[in-house]
Amino acid sequence: MSTVLKSIEEYVDLCTVYTRILAKMIEEDRRVVHIDADLCASLGVQTIAEEYPQNIIDTGVMEANMIGVASAMSVAGKIPFVHSFGTFATRRCADQIFISGCYNRANVKIIGSDPGICAESNGGTHMPFEDIGVMRSFPGMTILDIADEQQLEALMPQIKDSYGMMYIRLPRTNTVNYYLSGNHFIIGKANLLTEGSDVSIIASGIEVWPALQAADALSREGISAAVVDMFTIKPIDRNMIVYCAEKTGAIVTAENHNVIGGLGSAVAEVLVETLPVPLARVGVKDRFGEVGDRQYLAETFELSTKDIVRACKNVLERKS
Amino acid sequence: MLDLKQEVYIKRFANNIRKGIISGIASFGAGHIGGSLSIADLVAVLYCNTMNVDPANPAWEDRDKLVVSKGHAGPALYAALALRGFFPVEKLKTLNCNGTDLPSHCDRIHTPGIDISTGSLGQGASLAAGFAMSDKMDGKKSRTFLIVGEGDLEEGQTWEAALFTAHYQLDHLVTLVDLNGMQVDGTTDEVCNLGNVAEKYRSFGFETIDVADGNDVSQIYNALEMCKGMKRRPIAIILHTVKGAGLSMYAGKVGCHFTTVTKEEADICMRELEDTDRELDNIEKSL
């Protein structure tokens, strides 16, 4: 079981963490390149270009071209990380990711920043609630939903060294660090954050923190909730899902994404094929995004702690 | 300039590519015949003369690379690769058969010698730019050749890649435009007029070379030689070709993009290609 912070809100800008790790990786391995579609500055990676100009490539605003360039560079032995906002890194260039990337068995690490409500004031045009759904149906694609500094630090070397196409959701700013030190992260393996006996909350990305808060709130009402950080959406950790179903007999998923096609769908697929138990999905109910701050959007799209608490109570009513 | 002996050799190679295209497509019964035939002469020059490749080691790191963005022209490429010894010529007859290593569109996972998979039009230019960028980073002298057709030019991504290629001065990337004037639904002028393609490439920062007869191996060779000395700007060679070139049954006919080929039709085509062989024999004897 992992050690987590549950009461202190410590905020972090993951774009800074990403840039720091990327610079170190480039220093150690010149095969690593970061390719951006005119959003280097939004991550801060242009600072790396001062020392390693060849390893930071800006295509300009051309996401489709960026994916093609990166795919061939990876076939030639480079390890490209490409970046745009989540919407444009996936939906806009889906066919390029599928054919130039996946079909070519390329090795491109797609960083989609500001997933879901993290797009905040950029609003509905920039707010990906569908990115996981689109990427999940691409053969061989690995999908990660990251929201914690320690988690990102631990996973970046694995992302670099595991050959294959990957999509990584990465909020740039203002996420809560929820891991204490000394945790282990393995792509494809979920982390059990707290044990529970009545219900399991399986969350990913920025929904892990409210899931932990929800478990605390429920415990005050005598309900024991397990919390799982399912940071790898694909390949999903089937064993953890089955463990949760066996242990608690009820599951709630929590995701910063449409309930169609994302984490909730992936968990449901495993449950119906293994151990069907009552399931409730906290997530966006098939809607477009809109402008707003994180708190407003979490409430508007029913992603908040209280929404998770309510879903847990609902699913417990169906448990018997 | 090619001497006559070299020219005959490449013309014979191109003729054999056409035989390979026909035998493969006829074995299956249908295929992308027009666009494959239109690049047969270009592919012959590339594989006989221009490209530095090793059939015994298709993944050789310092090889020149070819990206056929019009991936449906796979049959032409497969025939060239077989003739160069990447795999047996007999394999060409497995084109599109169940479980084949020679699918309709170029596939690097299945076919030895294919550098990159293509088939969704417009994506090849970016892939070629990626190869060129990687070689530039490593200071390699390898060159990347990109074949695009009209369909690619209609896709916006091709022009994204052109901007990128010019901006990063990828002068070891040669874009070869197979301008045969036809597409699935008719002539290009009817479907979507591309205007002056050379002018467009120049406005994107390319040096361009116009090849009046893009099915003449000597003219293709001269253009490829000419671009060797060009530095700092990427090169586009505009080849005015004929769709279905080399076979009177298809040459210049709308509708030959994808068509059935019966055994009888294949026999007629093979006889025409054998006639071409005899003409080449006669030229060779006169040398």
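This is a predicted model: local features need pLDDT of at least 70, side-chain atom pairs count only at pLDDT 80 or more; totals for chains, interfaces and linings use all residues.
## Helix α9 of chain A

The buried residues in question are Val208(A), Trp209(A), Pro210(A), Ala211(A), Leu212(A), Ala214(A), Ala215(A), Ala217(A) and Leu218(A).

Helix α9(A) itself covers residues 208-220, and its 13 residues reach 19 Å from the first C-alpha to the last, which is close to the 18 Å expected at 1.5 Å a residue. After the helix comes Gly222(A), whose phi is positive, near 85 degrees.

## The seven-stranded sheet of chain A

Chain A also holds an open sheet of seven strands with mixed pairing, in the order β3-β2-β4-β5-β7-β6-β12. Strands β3 (56-58) and β12 (232-234) of chain A stand at its edges, and because each has a single partner strand, one side of each is left without a neighbour in the sheet. Neighbouring strands of this sheet are turned against each other by 20 degrees on average, direction ignored.

Helix α4 (residues 63-75) of chain A packs on the sheet, where it touches β2, β3, β4 and β5 (109-113) of chain A, and its direction makes about 165 degrees with that of β4(A).

On one side, β4(A) and β5(A) pair in the parallel sense over five bridges, and here His83(A) has Ile111(A) as its bridge partner. Strand β7 (residues 166-170) of chain A likewise pairs with β5(A) in the parallel sense over five bridges, with Ile110(A) standing opposite Tyr167(A). Strand β4 (residues 79-85) of chain A is in turn joined by five bridges to β2 (residues 32-36) of chain A, and these two strands run parallel; among their residues, Ile35(A) is partnered by Val82(A).

## Cavities

A search of the whole structure finds four cavities of 30 Å³ or more, and the largest cavity holds about 60 Å³ of space. Its lining consists of Ala125(B), Leu146(B), Thr158(B), Ala161(B), Ala162(B), Thr165(B), Leu173(B), Thr175(B), Tyr201(B) and Phe206(B).

Two elements of chain B, α7 (156-167) and β4 (173-179), each give two or more residues to this lining, and α7(B) gives the most, with four residues.

Methods
Residues are numbered from 1 along each chain as its sequence is written. Chains are lettered from A and ligands numbered from 1 in the order in which they are written. Side-chain values use heavy atoms; hydrogens and water are left out. Two strands pair if DSSP finds at least two bridges between them. Axes are lines fitted to C-alpha atoms, for helices over the stretch in contact, and angles run from 0 to 180 degrees between N-to-C directions. Contact means heavy atoms within 4.5 Å. The expected span of a helix is 1.5 Å times one less than its number of residues. Buried means under 20% relative accessible area, exposed over 50%, partly exposed in between (1.4 Å probe, protein chains only). On a 1 Å grid over the protein atoms alone, a cavity is a set of points where a 1.4 Å probe fits but cannot get out, and a pocket is an open set with protein on both sides within 12 Å along at least five of seven lines; lining residues have an atom within 4 Å of a point. Grid points are joined across faces, edges and corners, and a volume is the space filled by probe spheres set on the points.
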